[in-house]
Amino acid sequence: MTFATLGLIEPLLRALETLGYQTPTPVQTQAIPAVLAGRDLMAAAQTGTGKTAGFALPLLQLLAMEGPKVSANSVRALILVPTRELAEQVHEAVRQYAENLPLSTYAVYGGVSINPQMMKLRKGVDLLVATPGRLLDLFRQNALKFNQLQTLVLDEADRMLDLGFSEELGNIYRVLPKKRQTLLFSATFSDAIRLLAGQMLNDPLSIEVSPRNVAANTVKQWVVTVDKKRKPELFIHLMRKGKWKQVLVFAKTRNGVDALVEKLQGLGINADGIHGDKPQATRQRALDRFKASEVQILVATDVAARGLDIEDLPLVVNFDLPIVAEDYIHRIGRTGRAGATGQAISLVCADEVNQLSAIEMLTRQTLTRQMEQDFEPEHRVPDTDASGQVVKKPKKPKKPKTSSGGKRNLGKWVESGDASAPEPSIKPVRKVPVFNTGPRKRKP
Ligand code: AMP
(Lines give C-alpha, C1' and ligand atoms only; values in the text may rest on other atoms or scores of the structure.)
Protein backbone atom coordinates (compact mmCIF):
# COMPACT_ATOMS: atom_id res chain seq x y z
CA MET A 1 0.00 0.00 0.00
CA THR A 2 1.28 3.46 -0.90
CA PHE A 3 -0.05 6.97 -0.33
CA ALA A 4 -0.64 7.26 -4.07
CA THR A 5 -2.92 4.21 -4.13
CA LEU A 6 -4.97 5.81 -1.36
CA GLY A 7 -5.90 8.52 -3.84
CA LEU A 8 -3.82 11.42 -2.55
CA ILE A 9 -2.96 14.17 -4.99
CA GLU A 10 0.55 14.93 -6.18
CA PRO A 11 1.25 18.06 -4.04
CA LEU A 12 0.53 16.00 -0.91
CA LEU A 13 2.61 13.06 -2.16
CA ARG A 14 5.52 15.42 -2.69
CA ALA A 15 5.19 16.79 0.85
CA LEU A 16 5.16 13.24 2.25
CA GLU A 17 8.24 12.39 0.26
CA THR A 18 10.01 15.38 1.76
CA LEU A 19 8.99 14.20 5.23
CA GLY A 20 10.22 10.68 4.50
CA TYR A 21 6.85 8.97 5.01
CA GLN A 22 7.03 5.87 2.82
CA THR A 23 4.14 3.66 3.81
CA PRO A 24 0.78 4.68 5.26
CA THR A 25 0.15 3.52 8.82
CA PRO A 26 -2.98 1.37 9.47
CA VAL A 27 -5.06 4.35 10.59
CA GLN A 28 -4.04 6.28 7.51
CA THR A 29 -4.90 3.35 5.22
CA GLN A 30 -8.39 3.26 6.65
CA ALA A 31 -9.08 6.93 7.27
CA ILE A 32 -7.77 8.58 4.10
CA PRO A 33 -10.13 6.95 1.53
CA ALA A 34 -13.11 7.28 3.90
CA VAL A 35 -12.54 10.99 4.52
CA LEU A 36 -11.98 11.59 0.80
CA ALA A 37 -15.32 9.88 0.16
CA GLY A 38 -16.99 12.36 2.52
CA ARG A 39 -17.75 9.89 5.34
CA ASP A 40 -17.98 10.81 8.99
CA LEU A 41 -15.42 8.93 11.05
CA MET A 42 -15.14 7.57 14.54
CA ALA A 43 -11.56 6.46 15.02
CA ALA A 44 -10.05 4.77 18.04
CA ALA A 45 -6.43 5.66 17.48
CA GLN A 46 -3.93 6.58 20.11
CA THR A 47 -1.08 9.03 19.80
CA GLY A 48 1.78 7.61 17.79
CA THR A 49 -0.37 5.77 15.25
CA GLY A 50 -0.05 8.53 12.64
CA LYS A 51 -3.63 9.67 13.20
CA THR A 52 -2.85 13.35 12.53
CA ALA A 53 -1.86 12.63 8.94
CA GLY A 54 -4.83 10.24 8.81
CA PHE A 55 -7.26 13.14 9.05
CA ALA A 56 -5.13 16.08 7.88
CA LEU A 57 -4.08 14.72 4.47
CA PRO A 58 -7.55 13.98 3.09
CA LEU A 59 -8.91 17.13 4.71
CA LEU A 60 -6.35 19.26 2.92
CA GLN A 61 -7.09 17.48 -0.31
CA LEU A 62 -10.83 18.18 0.00
CA LEU A 63 -10.12 21.83 0.80
CA ALA A 64 -7.81 22.15 -2.18
CA MET A 65 -10.18 20.41 -4.61
CA GLU A 66 -13.63 21.53 -3.46
CA GLY A 67 -15.55 24.44 -2.11
CA PRO A 68 -15.42 28.20 -2.44
CA LYS A 69 -12.53 30.52 -1.64
CA VAL A 70 -12.50 31.34 2.03
CA SER A 71 -14.28 34.61 2.96
CA ALA A 72 -13.23 37.18 5.54
CA ASN A 73 -13.31 35.88 9.11
CA SER A 74 -14.39 32.48 7.88
CA VAL A 75 -12.94 29.02 8.25
CA ARG A 76 -13.53 25.99 6.03
CA ALA A 77 -12.14 23.22 8.23
CA LEU A 78 -11.79 23.22 11.99
CA ILE A 79 -9.65 20.89 14.10
CA LEU A 80 -10.48 21.03 17.79
CA VAL A 81 -7.78 19.86 20.19
CA PRO A 82 -7.59 19.80 23.99
CA THR A 83 -4.39 21.77 24.64
CA ARG A 84 -2.22 24.56 23.29
CA GLU A 85 0.71 22.21 22.83
CA LEU A 86 -1.34 19.84 20.74
CA ALA A 87 -2.70 22.78 18.75
CA GLU A 88 0.86 23.81 17.91
CA GLN A 89 1.88 20.28 17.09
CA VAL A 90 -1.11 19.50 14.87
CA HIS A 91 -0.75 22.85 13.13
CA GLU A 92 2.91 22.22 12.47
CA ALA A 93 2.07 18.82 10.93
CA VAL A 94 -0.71 20.37 8.83
CA ARG A 95 1.61 23.15 7.68
CA GLN A 96 4.15 20.58 6.48
CA TYR A 97 1.54 18.48 4.66
CA ALA A 98 0.06 21.63 3.02
CA GLU A 99 3.46 22.89 1.92
CA ASN A 100 2.65 22.58 -1.80
CA LEU A 101 -1.01 23.61 -1.64
CA PRO A 102 -2.45 27.12 -1.90
CA LEU A 103 -4.22 26.86 1.46
CA SER A 104 -4.00 29.02 4.56
CA THR A 105 -3.70 27.37 7.97
CA TYR A 106 -3.51 28.76 11.48
CA ALA A 107 -3.70 27.74 15.15
CA VAL A 108 -5.49 29.60 17.95
CA TYR A 109 -5.39 28.81 21.67
CA GLY A 110 -5.68 30.54 25.01
CA GLY A 111 -2.93 31.79 27.29
CA VAL A 112 -1.66 34.24 24.66
CA SER A 113 -2.99 37.56 23.44
CA ILE A 114 -6.17 37.34 21.38
CA ASN A 115 -5.57 40.45 19.24
CA PRO A 116 -2.98 39.03 16.83
CA GLN A 117 -5.28 36.04 16.37
CA MET A 118 -8.20 38.33 15.52
CA MET A 119 -6.06 40.19 13.02
CA LYS A 120 -4.91 36.98 11.38
CA LEU A 121 -8.47 35.70 11.03
CA ARG A 122 -9.65 38.81 9.19
CA LYS A 123 -8.78 37.40 5.79
CA GLY A 124 -10.25 34.03 6.65
CA VAL A 125 -8.35 30.76 7.08
CA ASP A 126 -8.90 27.53 5.17
CA LEU A 127 -7.94 25.27 8.05
CA LEU A 128 -7.96 26.33 11.68
CA VAL A 129 -6.62 24.34 14.62
CA ALA A 130 -8.13 25.54 17.90
CA THR A 131 -8.68 24.82 21.54
CA PRO A 132 -12.38 25.07 22.41
CA GLY A 133 -12.27 27.98 24.87
CA ARG A 134 -10.33 30.38 22.64
CA LEU A 135 -12.38 29.40 19.62
CA LEU A 136 -15.56 30.46 21.43
CA ASP A 137 -13.94 33.72 22.59
CA LEU A 138 -13.07 34.53 18.98
CA PHE A 139 -16.53 33.61 17.79
CA ARG A 140 -18.19 35.77 20.45
CA GLN A 141 -16.03 38.70 19.45
CA ASN A 142 -17.17 38.28 15.84
CA ALA A 143 -13.66 37.37 14.70
CA LEU A 144 -14.94 34.05 13.33
CA LYS A 145 -17.88 32.83 11.27
CA PHE A 146 -18.73 29.24 10.57
CA ASN A 147 -21.05 29.52 7.58
CA GLN A 148 -18.34 28.14 5.25
CA LEU A 149 -17.34 25.30 7.56
CA GLN A 150 -17.36 21.98 5.76
CA THR A 151 -15.37 19.72 8.08
CA LEU A 152 -14.98 19.44 11.84
CA VAL A 153 -12.31 17.26 13.47
CA LEU A 154 -12.41 16.42 17.16
CA ASP A 155 -8.88 15.30 17.97
CA GLU A 156 -8.26 13.52 21.28
CA ALA A 157 -11.94 13.82 22.07
CA ASP A 158 -11.61 11.80 25.26
CA ARG A 159 -9.09 14.27 26.51
CA MET A 160 -11.34 17.21 25.74
CA LEU A 161 -14.02 15.67 27.93
CA ASP A 162 -11.47 14.88 30.66
CA LEU A 163 -10.40 18.50 30.65
CA GLY A 164 -13.96 19.64 31.18
CA PHE A 165 -14.61 21.04 27.70
CA SER A 166 -18.00 19.39 27.33
CA GLU A 167 -19.87 22.67 27.74
CA GLU A 168 -17.65 24.46 25.21
CA LEU A 169 -18.10 21.58 22.77
CA GLY A 170 -21.86 21.89 23.17
CA ASN A 171 -21.72 25.63 22.52
CA ILE A 172 -19.52 25.20 19.47
CA TYR A 173 -21.69 22.43 18.14
CA ARG A 174 -24.74 24.69 18.28
CA VAL A 175 -23.19 27.35 16.04
CA LEU A 176 -21.75 25.04 13.37
CA PRO A 177 -23.58 24.30 10.13
CA LYS A 178 -25.61 21.11 10.42
CA LYS A 179 -24.45 19.99 7.00
CA ARG A 180 -20.79 19.12 7.46
CA GLN A 181 -18.36 16.24 7.72
CA THR A 182 -17.26 15.30 11.22
CA LEU A 183 -14.25 13.19 12.21
CA LEU A 184 -13.78 12.08 15.79
CA PHE A 185 -10.46 10.71 17.05
CA SER A 186 -9.97 9.38 20.52
CA ALA A 187 -7.32 7.24 22.19
CA THR A 188 -9.90 5.55 24.34
CA PHE A 189 -13.59 4.95 23.82
CA SER A 190 -15.53 5.34 27.00
CA ASP A 191 -19.30 5.36 27.05
CA ALA A 192 -19.18 9.17 27.28
CA ILE A 193 -17.26 9.33 24.01
CA ARG A 194 -19.67 6.94 22.34
CA LEU A 195 -22.53 9.16 23.43
CA LEU A 196 -20.76 12.25 22.10
CA ALA A 197 -20.13 10.45 18.82
CA GLY A 198 -23.79 9.47 18.63
CA GLN A 199 -24.75 13.12 18.89
CA MET A 200 -22.15 14.64 16.61
CA LEU A 201 -21.56 12.08 13.88
CA ASN A 202 -23.74 11.00 11.01
CA ASP A 203 -23.53 7.34 10.04
CA PRO A 204 -19.82 7.24 10.90
CA LEU A 205 -17.34 4.66 9.73
CA SER A 206 -15.70 3.09 12.79
CA ILE A 207 -11.97 2.58 12.71
CA GLU A 208 -10.06 0.82 15.41
CA VAL A 209 -6.36 0.46 14.85
CA SER A 210 -5.35 -0.97 18.18
CA PRO A 211 -7.40 -3.18 20.44
CA ARG A 212 -9.83 -1.12 22.45
CA ASN A 213 -8.17 0.62 25.37
CA VAL A 214 -4.99 -1.41 25.13
CA ALA A 215 -1.73 0.43 25.62
CA ALA A 216 0.83 0.53 22.84
CA ASN A 217 2.40 -2.92 22.68
CA THR A 218 5.70 -1.59 21.41
CA VAL A 219 6.27 -0.23 24.92
CA LYS A 220 7.89 -2.42 27.56
CA GLN A 221 6.16 -1.55 30.80
CA TRP A 222 6.92 -2.40 34.38
CA VAL A 223 6.43 -1.22 37.93
CA VAL A 224 8.99 -0.64 40.66
CA THR A 225 7.36 -0.71 44.08
CA VAL A 226 8.71 1.73 46.63
CA ASP A 227 7.66 3.75 49.66
CA LYS A 228 6.24 7.12 48.72
CA LYS A 229 8.85 9.18 50.55
CA ARG A 230 11.68 7.35 48.85
CA LYS A 231 10.52 7.95 45.26
CA PRO A 232 12.88 10.87 44.52
CA GLU A 233 15.87 8.88 45.81
CA LEU A 234 14.83 5.81 43.81
CA PHE A 235 14.36 7.91 40.68
CA ILE A 236 17.87 9.32 40.94
CA HIS A 237 19.27 5.86 41.68
CA LEU A 238 17.53 4.34 38.62
CA MET A 239 18.57 7.26 36.46
CA ARG A 240 22.21 6.82 37.32
CA LYS A 241 22.11 3.04 37.16
CA GLY A 242 20.34 3.03 33.77
CA LYS A 243 22.42 5.98 32.47
CA TRP A 244 19.17 7.59 31.32
CA LYS A 245 19.77 10.24 28.70
CA GLN A 246 16.37 11.66 27.83
CA VAL A 247 13.45 10.97 30.11
CA LEU A 248 9.95 12.33 30.27
CA VAL A 249 8.69 12.07 33.84
CA PHE A 250 5.07 12.41 34.91
CA ALA A 251 4.12 13.74 38.31
CA LYS A 252 0.62 14.14 39.63
CA THR A 253 0.69 17.70 40.88
CA ARG A 254 2.29 21.01 40.02
CA ASN A 255 4.00 20.98 43.41
CA GLY A 256 5.25 17.49 42.69
CA VAL A 257 6.77 18.67 39.41
CA ASP A 258 8.46 21.64 41.06
CA ALA A 259 9.79 19.59 43.99
CA LEU A 260 11.35 16.94 41.76
CA VAL A 261 12.85 19.47 39.36
CA GLU A 262 14.33 21.39 42.27
CA LYS A 263 15.82 18.22 43.74
CA LEU A 264 17.34 17.17 40.42
CA GLN A 265 18.70 20.62 39.66
CA GLY A 266 20.16 20.73 43.18
CA LEU A 267 22.18 17.65 42.22
CA GLY A 268 23.39 19.35 39.05
CA ILE A 269 21.08 17.31 36.83
CA ASN A 270 19.79 19.10 33.77
CA ALA A 271 16.04 19.06 34.50
CA ASP A 272 13.08 21.28 33.76
CA GLY A 273 9.37 21.13 34.50
CA ILE A 274 6.11 22.02 32.78
CA HIS A 275 2.70 22.42 34.35
CA GLY A 276 -0.42 24.51 34.05
CA ASP A 277 0.85 27.32 36.31
CA LYS A 278 3.71 28.16 34.00
CA PRO A 279 3.17 30.66 31.19
CA GLN A 280 2.76 29.22 27.74
CA ALA A 281 6.05 30.66 26.51
CA THR A 282 7.98 29.04 29.38
CA ARG A 283 6.32 25.69 28.73
CA GLN A 284 7.05 25.87 25.04
CA ARG A 285 10.68 26.77 25.71
CA ALA A 286 11.08 23.82 28.08
CA LEU A 287 9.54 21.49 25.47
CA ASP A 288 11.73 22.84 22.71
CA ARG A 289 14.85 22.47 24.82
CA PHE A 290 13.87 18.94 25.78
CA LYS A 291 13.23 18.04 22.14
CA ALA A 292 16.62 19.51 21.24
CA SER A 293 18.20 17.33 24.00
CA GLU A 294 19.32 20.45 25.87
CA VAL A 295 17.29 19.28 28.84
CA GLN A 296 17.81 15.72 30.02
CA ILE A 297 14.83 15.26 32.33
CA LEU A 298 11.49 16.91 31.66
CA VAL A 299 9.00 16.58 34.49
CA ALA A 300 5.38 17.25 33.55
CA THR A 301 1.81 17.00 34.67
CA ASP A 302 -0.62 15.25 32.34
CA VAL A 303 -2.20 18.51 31.25
CA ALA A 304 1.07 20.14 30.27
CA ALA A 305 2.53 17.12 28.51
CA ARG A 306 -0.40 16.63 26.21
CA GLY A 307 0.64 16.86 22.59
CA LEU A 308 4.29 16.30 23.18
CA ASP A 309 5.66 14.52 20.14
CA ILE A 310 9.29 13.59 20.34
CA GLU A 311 10.82 11.17 17.93
CA ASP A 312 12.40 8.11 19.50
CA LEU A 313 11.76 9.10 23.10
CA PRO A 314 13.16 5.98 24.73
CA LEU A 315 11.75 6.22 28.22
CA VAL A 316 8.76 7.51 30.13
CA VAL A 317 8.73 7.38 33.93
CA ASN A 318 5.56 7.63 35.95
CA PHE A 319 6.87 9.19 39.13
CA ASP A 320 3.24 9.13 40.26
CA LEU A 321 0.51 7.06 38.68
CA PRO A 322 -2.21 9.10 36.99
CA ILE A 323 -5.54 9.56 38.71
CA VAL A 324 -7.43 8.85 35.52
CA ALA A 325 -6.40 5.41 34.22
CA GLU A 326 -6.72 6.48 30.57
CA ASP A 327 -3.93 9.00 31.16
CA TYR A 328 -1.58 6.06 31.59
CA ILE A 329 -2.17 5.18 27.95
CA HIS A 330 -1.59 8.79 26.90
CA ARG A 331 1.57 8.99 28.96
CA ILE A 332 3.19 5.84 27.68
CA GLY A 333 2.10 6.83 24.16
CA ARG A 334 4.97 9.33 24.32
CA THR A 335 7.39 6.46 23.79
CA GLY A 336 7.35 3.58 21.32
CA ARG A 337 5.92 5.89 18.66
CA ALA A 338 5.56 5.02 15.00
CA GLY A 339 6.78 1.47 15.59
CA ALA A 340 9.87 2.27 17.72
CA THR A 341 10.29 0.41 20.99
CA GLY A 342 10.16 2.24 24.27
CA GLN A 343 10.09 1.69 27.99
CA ALA A 344 7.64 2.91 30.59
CA ILE A 345 8.56 2.57 34.26
CA SER A 346 6.10 3.37 37.04
CA LEU A 347 7.24 4.05 40.59
CA VAL A 348 4.35 2.80 42.66
CA CYS A 349 3.73 3.13 46.38
CA ALA A 350 1.09 1.44 48.52
CA ASP A 351 -1.22 4.45 48.32
CA GLU A 352 -1.47 4.01 44.57
CA VAL A 353 -2.76 0.47 44.52
CA ASN A 354 -6.22 1.48 43.32
CA GLN A 355 -4.79 3.47 40.44
CA LEU A 356 -2.52 0.55 39.52
CA SER A 357 -5.46 -1.79 39.58
CA ALA A 358 -7.53 0.55 37.36
CA ILE A 359 -4.67 0.79 34.84
CA GLU A 360 -4.24 -2.98 34.72
CA MET A 361 -7.94 -3.44 34.18
CA LEU A 362 -8.05 -0.82 31.41
CA THR A 363 -4.99 -2.16 29.60
CA ARG A 364 -5.97 -5.77 30.32
CA GLN A 365 -2.59 -6.74 31.61
CA THR A 366 -0.90 -7.30 34.93
CA LEU A 367 2.16 -5.10 34.98
CA THR A 368 5.40 -6.82 35.89
CA ARG A 369 6.67 -5.73 39.28
CA GLN A 370 10.21 -5.29 40.41
CA MET A 371 11.86 -4.17 43.61
CA GLU A 372 15.14 -2.34 43.64
CA GLN A 373 17.72 -3.50 46.14
CA ASP A 374 17.85 -1.16 49.16
CA PHE A 375 14.53 0.41 48.12
CA GLU A 376 12.22 -2.43 49.11
CA PRO A 377 9.06 -0.79 50.44
CA GLU A 378 8.15 -0.97 54.11
CA HIS A 379 4.54 -0.45 53.05
CA ARG A 380 3.90 -3.33 50.72
CA VAL A 381 1.87 -2.60 47.60
CA PRO A 382 -1.00 -5.11 47.66
CA ASP A 383 -1.15 -7.53 44.74
CA THR A 384 -3.31 -6.59 41.78
CA ASP A 385 -4.27 -8.15 38.50
CA ALA A 386 -6.03 -7.27 35.28
CA SER A 387 -9.41 -8.31 36.68
CA GLY A 388 -9.45 -5.03 38.57
CA GLN A 389 -9.21 -6.73 41.92
CA VAL A 390 -6.70 -5.98 44.61
CA VAL A 391 -6.16 -9.67 45.08
CA LYS A 392 -4.33 -9.98 48.33
CA LYS A 393 -4.18 -8.09 51.53
CA PRO A 394 -0.78 -7.05 52.80
CA LYS A 395 0.50 -9.90 54.94
CA LYS A 396 -0.01 -8.98 58.55
CA PRO A 397 -0.01 -11.06 61.69
CA LYS A 398 -3.53 -12.13 62.55
CA LYS A 399 -5.28 -9.83 64.97
CA PRO A 400 -8.64 -10.14 66.58
CA LYS A 401 -11.31 -8.42 64.48
CA THR A 402 -12.07 -4.78 65.27
CA SER A 403 -14.69 -2.64 63.58
CA SER A 404 -12.23 -1.61 60.86
CA GLY A 405 -9.87 -4.58 61.03
CA GLY A 406 -11.81 -6.67 58.54
CA LYS A 407 -11.57 -4.09 55.75
CA ARG A 408 -9.12 -4.43 52.94
CA ASN A 409 -6.44 -1.83 52.66
CA LEU A 410 -7.22 -0.43 49.24
CA GLY A 411 -5.16 2.69 49.59
CA LYS A 412 -6.27 6.25 48.88
CA TRP A 413 -6.62 8.25 45.72
CA VAL A 414 -5.13 11.43 47.10
CA GLU A 415 -3.03 11.61 50.20
CA SER A 416 -4.82 13.27 53.08
CA GLY A 417 -2.88 16.24 54.36
CA ASP A 418 -1.32 16.67 50.92
CA ALA A 419 -1.87 20.36 50.21
CA SER A 420 -1.00 19.99 46.57
CA ALA A 421 -3.81 18.82 44.37
CA PRO A 422 -3.64 17.33 40.90
CA GLU A 423 -3.67 19.84 38.03
CA PRO A 424 -7.09 21.41 38.43
CA SER A 425 -8.23 20.94 34.91
CA ILE A 426 -7.99 17.17 35.20
CA LYS A 427 -11.47 15.96 35.93
CA PRO A 428 -11.68 12.28 36.66
CA VAL A 429 -15.42 12.35 36.08
CA ARG A 430 -16.41 13.03 32.51
CA LYS A 431 -19.37 15.16 31.72
CA VAL A 432 -21.13 14.54 28.47
CA PRO A 433 -22.59 17.48 26.62
CA VAL A 434 -26.28 17.31 26.06
CA PHE A 435 -26.87 18.75 22.66
CA ASN A 436 -29.99 19.74 20.97
CA THR A 437 -29.39 17.61 17.94
CA GLY A 438 -31.86 18.33 15.26
CA PRO A 439 -31.94 16.24 12.12
CA ARG A 440 -28.80 16.80 10.10
CA LYS A 441 -28.25 16.23 6.44
CA ARG A 442 -25.28 14.22 5.28
CA LYS A 443 -22.66 15.88 3.21
CA PRO A 444 -23.48 15.02 -0.37
P1 AMP B 1 0.64 11.01 15.46
O2 AMP B 1 0.06 9.70 15.92
O3 AMP B 1 -0.23 11.67 14.45
O4 AMP B 1 0.97 11.89 16.64
O5 AMP B 1 2.01 10.69 14.69
C6 AMP B 1 3.12 10.12 15.34
C7 AMP B 1 4.42 10.35 14.59
O8 AMP B 1 4.50 9.50 13.45
C9 AMP B 1 4.62 11.76 14.08
O10 AMP B 1 5.94 12.16 14.42
C11 AMP B 1 4.48 11.66 12.58
O12 AMP B 1 5.29 12.59 11.91
C13 AMP B 1 4.93 10.22 12.30
N14 AMP B 1 4.24 9.62 11.15
C15 AMP B 1 2.93 9.70 10.86
N16 AMP B 1 2.64 8.97 9.75
C17 AMP B 1 3.79 8.42 9.33
C18 AMP B 1 4.14 7.55 8.23
N19 AMP B 1 3.22 7.10 7.37
N20 AMP B 1 5.42 7.20 8.10
C21 AMP B 1 6.35 7.64 8.99
N22 AMP B 1 6.10 8.45 10.05
C23 AMP B 1 4.83 8.83 10.22
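**Start at I79**

This is a predicted model. Select I79 and show what surrounds it. Leaving aside residues up to four places away in sequence, I79 touches F55, L59, V90, V94, L127, L128, V129, A130, V153 and D155.

**The core around it**

Now widen the selection. I79 belongs to the largest nonpolar core, which has 42 residues. L57, L60, I79 and L127 have the most contacts inside this core. Colour the elements that each supply at least two of its residues: helices α1 (10–19), α2 (26–36), α3 (51–65) and α4 (84–97), and strands β1 (41–44), β2 (75–80), β4 (125–130) and β6 (181–186). Which element gives the largest share? Select α3: 8 residues of the core come from this helix.

Hide the side chains and select β8 to β14. These form an open sheet of 7 strands, paired in parallel, in the order β10-β11-β9-β12-β13-β8-β14. Look at the edges, where β10 (271–274) and β14 (368–370) stand. Each has a single partner strand, so one side of each is left without a neighbour in the sheet. From one strand to the next, the twist averages 25 degrees.

Zoom in on β9 (residues 247–250) and β11 (residues 297–300). They run parallel and are joined by 4 bridges. Pick V249; its bridge partner in β11 is V299.

Last stop: helix α11 (residues 254–266). This helix lies across β9, β10 and β11. Its direction is at about 170 degrees to β10.

Conventions: Residues numbered from 1 in each chain as written. Predicted model: local features only at pLDDT ≥ 70, side-chain atom pairs only at ≥ 80, totals over all residues. Heavy atoms only, no water. Pairing = 2+ DSSP bridges. Axes fitted to C-alpha atoms, helices over the stretch in contact; angles between N-to-C directions. Contact = heavy atoms within 4.5 Å. Core = buried A, V, L, I, M, F, W, Y, C linked by side-chain atoms within 4.5 Å. Buried < 20%, exposed > 50% of the residue type's maximum accessible area, 1.4 Å probe, protein only.
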